[in-house]
Amino acid sequence: MRTTILFGGSNKERLVSVASAQALHRALPEADLWFWDVRDDVRNVRPGALLAHARPFEDEFVPGGPGVPLAQALDRAGDERRVLVLGLHGGRAENGELQAMCEMRGIPFTGSGSASSHLAFDKVAAKRFAALAGVAAPAGVQLADIDRAFAEYGRLIAKPARDGSRSGLLFVHAKQDLVAVRNAATTADYVIEPFVSGTEATCGVLERSDGTVVALPPIEIIPAEGAFDYTAKYLLKSTQEICPGRFAPAISAAIMDHALRAHRALSCRGYSRTDFIVTDKGPVYLETNTLPGLTAASLYPKALHAQGIAFEDFLRDQIVLAEKAVRPA
């Protein structure tokens, strides 16, 4: 079976996707490279062109050459018995649409299936399912109640209900910030919550091809300028990501347990990464990523390294797992 790294996408996280594809190519140099562009075409990419793109988090990747519509490319993948390694993030790449297109064609792909992806991508629904699994999650605030909630809690946080990479994150520290939230909510659904003070943490979960599922060491995040937004996450070298995190053993165990609970409650497959705020009462759930970043600087590969798992070994086992999901032994 031929391995193909699919990256890019039609949403704003395509920049991160290109950086993930660079790391994936270095680990799987024999794999073909397919770039999904903003026009919904897919085109072959030469390895040299991908690796020469020096500023993936800031500059668009624009390969040359002819492309074919996404559906036609997936038809080809099915006919040629390819397995897709998804170096994609956000939008239709992570909300279950791409996964459904692959499932309809019997194409193996890495990561969670369509139903799980769709559920986890909706932050409101994901939070509800995580809570059903016993994971603490912050209360939601309706946009119509935002003034009352701000008066009650003093600080709020707002984020797109269906987006990632900390894009569109808004902090409400003063009354004028409420205007920014209302304006943002005119173009996208927003999740509004009381601001939870504590330490940012994230925890990966890994499912192996032998069926075992384990939580990886939690990561402690110390943002460079107080907020772990897109800039702090990808562009500021002063952001600290400490793995394993410097949590008390009981707190680390709770983070890992809650990450596993969320992974299972959302029916994730292969791998996921769940974000938390660690308060004095324990971890509080934020969201679960079914296609977390796999760049050289990303959090999930850091956790794999801390667990003693080589990135290439992780990927090759995920390929086996993807194939088993389509063609069980």
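**Exercise 1. Count the helices and strands, then judge how compact the chain is.**

Step 1. The chain has 13 helices and 14 strands. Helices (H or I, at least four residues) and strands (E, at least two) are DSSP runs, numbered from the N terminus.

Step 2. The radius of gyration is 19 Å, close to the 20 Å from the globule rule for 329 residues, so the chain is as compact as a globular protein of that length. The radius is taken over C-alpha atoms, and the rule is 2.2 Å times the number of residues to the power 0.38.

Step 3. Along the principal axes, the C-alpha atoms fill a box of roughly 60 × 40 × 35 Å.

A note on the source: this is a predicted model, where local features need pLDDT of at least 70, side-chain atom pairs count only at pLDDT 80 or more, and totals for chains, interfaces and linings use all residues. Residues are numbered from 1 along each chain as its sequence is written, and side-chain values use heavy atoms, with hydrogens and water left out.

**Exercise 2. Find the share of buried residues and of contacts between residues 24 or more positions apart.**

Step 1. Of the 329 residues, 55% are buried. Buried means under 20% relative accessible area, exposed over 50%, partly exposed in between (1.4 Å probe, protein chains only).

Step 2. Take the contacts (heavy atoms within 4.5 Å) with a separation of 6 or more. Residues 24 or more positions apart account for 68% of them.

**Exercise 3. Is helix α6 mostly covered or mostly open, and what covers its buried residues?**

Step 1. Helix α6 spans residues 114–121. It is mostly covered, with 6 of its 8 residues buried.

Step 2. Name the buried ones: Ser114, Ser116, Ser117, Leu119, Ala120 and Phe121.

Step 3. Look for the cover. It includes α4 (91–94), α5 (97–105), α7 (123–132), α11 and β14 (282–289).
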